[in-house]
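Good morning, and thank you for joining.

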Amino acid sequence: MKSTPLFEAAGVIEAPVDRVERLLLAVRPGPVGADNVWLLAEHGGVVAGGPERFTLSTPVHTMTVEVREHTIAFQGGWWYRGEYAVEPHPEGALLTHRVHNVATRGRWGVPLANRFFLGFDRSASDGFTMGLRRIGDELGCRTRLL
C-alpha cells in the first residue's frame, strides 16, 4: 500500500510495554468498550472479523482496524490511516502516532483539503496529547509528550 506521512507525534508512558499493549492493542469481535478498541471506546460501535484485520462499524462510519505486533492501525474514509506503535523506552513505553495519506485516487488533494480544514496539525497534536493523558489516567501513571 502506497502512503504519504502527514503527521507524527510521540510520547512516553511510564508503564511497562506489556501493560500499554494490553490496553491499546486489545481488539476482538463484539461491542467497542473499555476492554475492546479502547482508543475508540467513546465513539462506540461494533467490531467484526479478526484475528489481525477487523471491521469497526460506528454510528457514523465504518473503518478497518489492523493489529500487528506492537501496532494498531485505523483506516477509513478515502485517505486516512492512523497508526499507533508501542515500543520499549527507558522510562516505560514509547507511543508513536502517525497519520498517513493512503488515497488511491485524488492523492494530491489530501494535503490541500487538510489546509482547508485549518488547524489539522494542531488538532491532531491536541488529540494525541489528550489521548496520552487518558492512557495515563487509565493506567495510573505519568505521561509526557516528546
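The structure on the screen is a predicted model. Its largest pocket has a lining of 30 residues, and those nearest the centre are Leu 40, His 43, Tyr 80, Tyr 84 and His 97. The elements that contribute two or more residues to this lining are the strands S5 (62-68), S6 (71-76), S7 (80-89) and S8 (92-101), together with helix H3 (120-139). Helix H3 provides the largest share, with 10 residues. The space in this pocket comes to about 950 Å³. Sorted by class, its lining consists of 17 nonpolar, 11 polar and 2 charged residues.

The protein chain has 146 residues, of which 44% are buried. It contains 3 helices and 9 strands, and read from the N terminus the order of elements is β-α-β-β-β-β-β-β-β-α-α-β. Among contacts with a separation of 6 or more, 50% are between residues 24 or more positions apart.

I turn now to the strands that line the pocket. How do S5 and S6 pair, and over how many bridges? They pair in the antiparallel sense, over 5 bridges. Thr 64 has Gln 75 in S6 as its bridge partner. Gln 75 in turn has a bridge partner in S7, namely Arg 81. S6 and S7 also run antiparallel, and 6 bridges join them.

S5 and S6 form a hairpin with 2 residues between them. In the loop between these strands lies His 70, a residue other than glycine with a positive phi near 70°. Because its relative accessible area is 34%, His 70 is classed as partly exposed.

Is Val 86 buried or exposed? Val 86 counts as buried because its relative accessibility is 2%, and the cut-off for buried is under 20%. From Val 86 to Ile 72 the C-alpha distance is 9.0 Å, with 14 residues of sequence separation.

Next, some backbone geometry. Most residues other than glycine have a negative phi, and most peptide bonds are trans. Val 37, with a positive phi near 55°, is located in the loop between strand S2 (30-31) and S3. Val 37 is buried, because its relative accessibility is 1%. There is also a cis peptide bond, which joins Gly 50 and Pro 51 with an omega of about 5°. Pro 51 lies in the loop between strand S3 (46-49) and strand S4 (53-57).

Finally, consider Arg 142, in the loop between H3 and strand S9 (143-145). Arg 142 is exposed, because its relative accessible area is 60%. Its contacts, leaving aside neighbours within four places in sequence, are Val 12, Ile 13 and Glu 14. Arg 142 and Leu 132 are 10 residues apart in sequence, and their C-alpha atoms are 9.1 Å apart.

Thank you; I am glad to take questions.

Technical notes:
Residues numbered from 1 in each chain as written. Predicted model: local features only at pLDDT ≥ 70, side-chain atom pairs only at ≥ 80, totals over all residues. Heavy atoms only, no water. 1 Å grid on protein atoms, 1.4 Å probe; cavity = no way out; pocket = protein on both sides within 12 Å on 5 of 7 lines; lining within 4 Å. Points joined across faces, edges and corners; volume = space filled by probe spheres on them. Helix = DSSP H or I, 4+ residues; strand = E, 2+ residues; numbered from the N terminus. Nonpolar A, V, L, I, M, F, W, Y, C, P; charged D, E, K, R; others polar. Pairing = 2+ DSSP bridges. Buried < 20%, exposed > 50% of the residue type's maximum accessible area, 1.4 Å probe, protein only. Contact = heavy atoms within 4.5 Å.
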